[in-house]
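Please load the model in your viewer and keep the sequence panel open beside it. The stops below say what to select at each point and what to look for there.

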Amino acid sequence: MERLQVVLGVAAAVAAVAAWVRWRDRRLQARLHLPGGPAVIAFTHRLCVLCRTQQLPALQRLRERVGPRLRVELVDVEHDPHTARRFGIFTVPSTVVVGPDGRVVAFNHGFAAEAKLLRQLGWQERSAAPARARA
């Protein structure tokens, strides 16, 4: 009987942690205003020269090329350290690529060029159209 209580207690604890993780992820998604994807979350800092001179221009070109179907969110790690910790960000620039189903498909620690981000999204570099639309 005692073993059953221990097993039930452990099962309840695991279920509670899983529910908390799901709640936290939904809250994070709502805070970032992500509709589920596709998206690129770019982590920056006001003192990051590489962020300003290379990553942000690459993201701007990506936005211009792809248009409104791709959401690009900027997260300043100084003002939103919780989100940076959530994604395990320890260096800037960093980018997190979210697929159409809302799942993270790639992490880039350091600069990520426009072409690399397009490949990680599964889109052709030339047309920036979803790979499935061509087939």
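The tour goes from the whole chain to the sheet, then to one strand, and then to a few single residues.

Before selecting anything, note that this is a predicted model, in which local features need pLDDT of at least 70 and side-chain atom pairs count only at pLDDT 80 or more, while totals for chains, interfaces and linings use all residues. Residues are numbered from 1 along each chain as its sequence is written, and side-chain values use heavy atoms, with hydrogens and water left out.

**The whole chain**

Read from the N terminus, the order of elements is α-β-α-β-α-β-β-α-α. Of the 135 residues, 36% count as buried, a term that means under 20% relative accessible area, with exposed meaning over 50% and partly exposed in between (1.4 Å probe, protein chains only).

**The sheet**

Select the strands next: they form an open sheet of four in the order β2-β1-β3-β4, with mixed pairing, two strands being paired if DSSP finds at least two bridges between them. The edge strands, each pairing on one side only, are β2 (71-76) and β4 (104-109). Strand β1 (residues 39-44) pairs with β3 (residues 94-98) in the antiparallel sense over five bridges, and there A39 stands opposite V98. With β2, in contrast, β1 pairs in the parallel sense over six bridges, and V40 stands opposite V72.

**Inside strand β1**

Show the side chains of β1. In a regular strand the side chains alternate between the two faces of the sheet. Here both faces are covered, with A39, I41 and F43 buried on one side and V40, A42 and T44 buried on the other. Six of the six residues of β1 are buried, so the strand is largely enclosed by the rest of the structure.

Centre on T44, which is buried with a relative accessible area of 10%. Leaving aside residues up to four places away in sequence, T44 touches C51, L56, V75, D76, V77 and V92.

Move on to V92, which is joined to P93 by a cis peptide bond with omega of about 0 degrees. Most residues other than glycine have a negative phi, and most peptide bonds are trans. P93 itself lies in the loop between α3 (81-86) and β3.

Then select R103, in the loop between β3 and β4. Is R103 buried or exposed? R103 is exposed, with a relative accessible area of 61%, and R103 touches V97 and V98, not counting residues up to four places away in sequence. The C-alpha atoms of R103 and G37 are separated by 7.8 Å, although these residues are 66 apart along the chain.

**The N terminus**

Finish at M1, in the segment before α1 (2-31). M1 counts as exposed, at 76% relative accessibility.

Definitions and conventions. Helix = DSSP H or I, 4+ residues; strand = E, 2+ residues; numbered from the N terminus. Contact = heavy atoms within 4.5 Å.
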